[in-house]
Structures are given as C-alpha cells and as structure tokens.
Amino acid sequence: MEFKVLAIGDVVGNPGMERVRRKLRQLKRKTEADFVIVNGENASVVGITPDQAEDILDAGADVITLGNHSFGKREIVDYLEDTSRVLRPANLAPQAPGRGWDVYETKAGDVAVVDLIGRCNMDYTPDNPFLMAEKLLGQVTAKFILVEIHAEATSEKLAMGYLLDGRVSAVWGTHTHVPTADCQVLPQGTGFVTDLGMTGPMQSVLGIRPELSIAKFRGELTSRYEPADGPVQLCGAVFTVDTRTR
C-alpha cells in the first residue's frame, strides 16, 4: 500500500494565497495525495495571519509549516498556542509560542511532521537543527516521519537529508523559493529534495516586485516589499511512501 504526501513550497502574498485557495484541493485529487503540508510563512509576505492559516487549511492542507518569519504577524501568536496544525521550527527557543512537531492520524497510521530551521547564512540563535533532529528522533514513535528544514544553504539541507536517511520517510527544504532539480531517494530509502520552490508570482524576485529587490541590492532606500503582478506558479513535490516500510 502507498501513502502519498504532497508538500507545497512557500506561499507568497495574496497571489500565492489565491492560487492555494483555487488549486490546492484540485491538485490534491489529481496527485491522489493522502496528506498535504504547506509552508505558509510568507502568506503575508513576512508572516502569516490566523485568517490566512484557516484559508490554507480550508483549501485542503493538513499541516502548515513556518520558518524565519513565523512571528512576522504578531496576531498569530495566540493562534499557534491553540492549534496543532500550524508548526513553527522546533529548534527555536523553548519559550517560543506554538510547537515544532506533532503527530497526526491518517488512514496509513500515525504521521509525525517535524519543522526545523537552519542556521547557515541565517540567524544563529536557534538551537542546532542537527542536534534537535537527533533529540526528536528519540521521542517520536510515529510510523512515518516527515521533516522540513527551512534553510538558506543547500549544503545544510543536504546534510540534514543524509543525517536522517533511513530514519525518516522524507526530508525537504524550503526558504529559498527556487525549486531544485534533485528529487531523489537517498541510499537508505528516504525521499529528498533540497528545496520545494515557492507558490507565488513567477515574474518576480522570490515573489516580490523585481524593482524593489533591485533597489535594495543597489543600496537605495526601499519601500515595503510587495508581491509582483503577473502569472502565478505553485511549486511542490509528491513523496510516495511504501507503507510496508518506514
């Protein structure tokens, strides 16, 4: 028996949200996905609101993951305390609101979802994600374990994949908004892709109007980031898990 997981890359702004509202349930049916995880930390460009989280869940997501912009919208704080379906990185400070992993019931058995955040070229205040992954593996008893690492460096995400190879069902990366062409099954059987890409405007710089990013790189004073106009893409990956194995 197969268990299919659909993982969707970072949803960016209103264009990304609209694409999820209109297409996610249809895509879930098309891929015959049993379980859907969506990274929603950029739904408000920087952060996500409770209403946006509810919209993503209503559109067909089972779990929403977050990253370095987990608390970009402060109104999400109380919501994170009240729900198990929106995860912030597990290796943030223990007093941070919400939870970094949980276990969910599915027709194929219990599925654990773990959200981690990288540190290379990012913020080094979170705990070491590799040590946290090892710690959590000692606590999680679910039949299937799915791990997302929200990180900048491809090397850090690849290293996490190999650390967990054969110990979890799948590992994927988010954050860079650019999909990588390395979908693979690692030597010990774990599904892996370095980055899922994003769900947002195609003609953009990571979902943002190009002129705003250009101005920033030129060293000019910039206005608040805004999503770009034009065609919108939805990026992600489907992982097929053999339920006879882990």
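I am working on a predicted model. His150 is found in strand β8.

Next I listed the contacts of His150, leaving out residues up to four places away in sequence. The list includes Asp10, Asn39, Glu41 and His175. Also among the contacts are Leu66, Gly67, Asn68, Leu116, Ile117, Gly118, Met122 and Thr174.

I then searched the whole structure for aromatic pairs and got four. I noted one of them, Phe3 with Phe144, as stacked. Their ring centres are 5.6 Å apart, and the planes make an angle of 15 degrees. Where do Phe3 and Phe144 lie? I place Phe3 in strand β1 (residues 2-8) and Phe144 in strand β8 (residues 144-150), so the pair ties together parts that are 141 residues apart in sequence. I checked accessibility too: both Phe3 and Phe144 are buried. I also recorded one aromatic cluster, formed by Phe3, Phe35, Tyr104 and Phe144.

From β1 I moved to its pairing with β14. How many bridges join β1 to β14? I have seven, and the two strands run antiparallel. For Leu6, I found Val238 as the bridge partner in β14.

Last, I went along strand β14 (residues 236-242) and saw the side chains alternate. Ala237, Phe239 and Val241 point to one face and are buried.

Key. Residues are numbered from 1 along each chain as its sequence is written. This is a predicted model: local features need pLDDT of at least 70, side-chain atom pairs count only at pLDDT 80 or more; totals for chains, interfaces and linings use all residues. Side-chain values use heavy atoms; hydrogens and water are left out. Rings of Phe, Tyr and Trp (its six-membered ring) pair if their centres lie within 6.5 Å; planes under 30 degrees apart count as stacked, over 60 as edge-to-face and the rest as tilted. Helices (H or I, at least four residues) and strands (E, at least two) are DSSP runs, numbered from the N terminus. Buried means under 20% relative accessible area, exposed over 50%, partly exposed in between (1.4 Å probe, protein chains only). Contact means heavy atoms within 4.5 Å. Two strands pair if DSSP finds at least two bridges between them.
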